[in-house]
Amino acid sequence: MSGMFVHNLRLGAASLRRNVLLTALMIMSIGFGVAASMVTFAVFRAVSGDPIPQKSAQLFVPQIDNRGPQYNRNGEPPEALNYTDAVALMRAHKAPHQTVLYAIGLSVMPADEHRMPFKAQGYATYNDFFSMFEVPFQYGGSWGGAEDESRSSVVVISRSLNQKLFAGANSVGREITMDDHAYRIVGVTEDWDPKPRFYDMFSGNAYANAVEIYIPFTLAIDQKVDTYGNNNCGSDGKRGDAHDGWVRGECVWISPWVELDSAAQVQAYRQFLDGYAKEQQSAGRFNWAPNNRLRNVHEWLDYEGAVPPESRISLTLALGFLVICLVNTIGLLLAKFMRRAPEIGVRRALGASRADIYRQFLAEASMVGVAGGLLGVVLTAIGMLGVGLVFEPHIARLAHLDVPLVLLALLLAIVATVLAAFYPTWRAAQVQPAWQLKSN
Amino acid sequence: MLKMTHLSKVYRTEVVETYALRDFNINVNEGEFVAVTGPSGSGKTTFLTIAGLLETFTGGQYHLDGVEVSNLNDNERSKIRNEKIGFIFQAFNLIPDLNVFDNVEVPLRYRGMKAPERKERIMNALERVGLASRAKHYPAELSGGQQQRVAIARALAGSPRLLLADEPTGNLDTQMARGVMELLEEIHREGATIVMVTHDPELAARAQRNVHIIDGQVVDLAEDPRFHQAVHAARANSPA
């Protein structure tokens, strides 16, 4: 059987060489169709993947309506919490693990006085952040609950910042100065930058540059570190007086996360949120019925529209283009195969079954598929350079050609071409040898 | 070897039914050399394509080597064609992109034969038709007579029980035709059963038996006086 397969490949190669122009047209048709699909798929894959697959069903975003129905869009509560509710959730400690966070940007003063200060972006959060999101460490680890309580001046920095400041050496225990305040380094993370950055969709940081620093939330509040992300004060837009007024007000700017390991825990947490909202209602802060949400990572990304609509549209268009290319290939293969009707007639007369004809012609088609796939990979690589013309730069830079994409391109090309070849091959197998031989 | 009883073949369109063969009866014994003759459009080639399992028939019975073939599926018919029947066509029907060796190899490939046995059979068949030295040539590089010899080698390589020839010399000049005919006679003397369709009375005269077809039916040769006389004349002039 394998001998016949190799023989069929040889016949296919000879047949393809016979009409180079037709062969080139088919290969180009497949190649362009596959490349268009792969380039747009690379973008779609980058923006639609599960950023934390092992835990995306256990991590939840609580939402509390602190504004009331007149300010909500489609009845949905705000996408972040104000300080009052954030602290209340942390104090209640109703989930096995919980954290709140907000974006910060601090000026780092290098130890070498000849170097200029620079801005480092990151988050003010609680120590559970690192275990909940399974942040990998190169050196050291996260700070503990005690440091959260005592508002300690500690910091976790990223591998790249550590490289910048300490040439990659173990910097745990050393100090850095940010916004004129000294912080002791307790950990250096590995390169960790889930895309989209699911834990901070509120600030529009889904595809932002990698995070460089993490400091305790309690310390950041103490230090009056303002948010470096979004801040939504509702339709009146009043931020409140000075820093304290803003922090104590109803503006939302803090993203909360809880880790819940079972359906029972999820149910209990929902009840807790409703109970909390009712308390606030009773206290006269909320003049509306509880309106809370508890979404896991998938639900949250869907709700936040993490996948840009242009990505879906372009993928759909590219797949449509691939279908058109395949229809074109069907026509070319049909012309090519039916031109060989006399040969098919002879082969059938000499003992080839229909299955033999199928095998011979599908082998030939699969060679077109392989060649089309290889061309598709080259065109995909070229197409990647032009992704920025169609997509926003921060999304375009996520798309890249890797081994799985190359293999997928080849597989798609071969499968699509063989599928496209079924109709022409079926027609070829239907050739009546008697008619072909009589007509000669 | 080949027996057709009350066989019919009808081509139907929406408005007309055409009988290519009607109540057709023939019996060819093992080792016979039969010439099937008749005017153009009489049904000779239709008979041959049905005999070679290249076409199905509408009614009657056909036994090939003792097997009733009407209920065989495509695979079974292909297998019988491959193993028991050798074809020689008027237009040679070599595959132009394959060289002589590869053309002769085609039926052996479908038999799943191992490479050494294939090679031995191919070279034996080519030697027999005197073209072993042309194994690497392509059909376009050969004369018509040589191409037909390759086609005969292709038919012989599989050692078929039955050789079906459709106007085997129709596309050849007299000298080449004579060579091909002598080759067929030699193959027959070695024991092959040959059924040859022709409208050439000289060729028909060299067969052991003539079966004459008019309007899709086997008739007595006397019913076609001109052809009858031509065959007789050819036999009288034959050196044998």
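Which residues does A:Val377 touch, not counting residues up to four places away in sequence?

A: A:Val377 touches A:Val406, A:Ala409 and A:Leu410 once residues up to four places away in sequence are left out; two residues are in contact if their C-beta atoms, placed from the backbone, lie within 7 Å. This is a predicted model, in which local features need pLDDT of at least 70 and side-chain atom pairs count only at pLDDT 80 or more, while totals for chains, interfaces and linings use all residues. Residues are numbered from 1 along each chain as its sequence is written, and chains are lettered from A and ligands numbered from 1 in the order in which they are written.

A:Val377 belongs to helix 13 (residues 354–385) of chain A. Helices (H or I, at least four residues) and strands (E, at least two) are DSSP runs, numbered from the N terminus. A:Val377 is classed as buried because 22 other C-beta atoms lie within 10 Å. The classes are these: a residue is buried if 20 or more other C-beta atoms lie within 10 Å of its own, exposed if 12 or fewer, and partly exposed in between, with C-beta atoms placed from the backbone. Between the C-alpha atoms of A:Val377 and A:Leu405, 28 residues apart along the chain, the separation is 8.5 Å.

The setting is chain A, which holds 16 helices and 10 strands. Of its 440 residues, 44% are buried. Among contacts in chain A with a separation of 6 or more, 79% are between residues 24 or more positions apart. The radius of gyration of chain A is 30 Å, whereas a compact globule of 440 residues would have one near 22 Å; the radius is taken over C-alpha atoms, and the globule rule is 2.2 Å times the number of residues to the power 0.38. Along its principal axes, the C-alpha trace of chain A spans about 95 × 60 × 35 Å.

Chain A is divided into domain 1 (2–50 + 309–439) and domain 2 (65–291), with bounds that come from an automatic or database domain assignment. The centres of the two domains, taken over C-alpha atoms, are 50 Å apart. Contact between them involves five residues of domain 1 of chain A and four residues of domain 2 of chain A. On the domain 1 side, helix 2 (20–48) and helix 14 (393–396) of chain A are the elements that give two or more residues. That side divides into four nonpolar, one polar and no charged residues. Here Ala, Val, Leu, Ile, Met, Phe, Trp, Tyr, Cys and Pro count as nonpolar, Asp, Glu, Lys and Arg as charged, and the others, Gly among them, as polar.

A:Val61 lies in strand 1 (residues 59–63) of chain A and is buried, with 24 other C-beta atoms within 10 Å. Leaving out residues up to four places away in sequence, A:Val61 touches A:Pro256, A:Trp257, A:Arg295 and A:Trp300. A:Val61 and A:Asn296 are 235 residues apart in sequence, yet 6.3 Å apart in space, C-alpha to C-alpha.

The largest nonpolar core has 191 residues, and those with the most contacts inside it include A:Val43, A:Ala124 and B:Val36. Such a core is a set of buried Ala, Val, Leu, Ile, Met, Phe, Trp, Tyr and Cys residues joined through C-beta atoms within 7 Å. Helix 2 of chain A gives the most to this core, with 14 residues. Both domain 1 and domain 2 of chain A supply at least three residues each. Apart from neighbours within four places in sequence, A:Val43 is in contact with A:Ser311, A:Val387, A:Phe391, A:Ile395 and A:Ala399.

Chain A also meets chain B: 19 residues of chain A are in contact with 21 residues of chain B. Helix 1 (44–51), helix 2 (74–84) and helix 3 (100–110) of chain B each supply at least two residues of the chain B side. The largest share of that side, five residues, comes from helix 2 of chain B. The chain B side divides into eight nonpolar, seven polar and six charged residues. Helix 3 of chain B is largely enclosed by the rest of the structure, because 10 of its 11 residues are buried.
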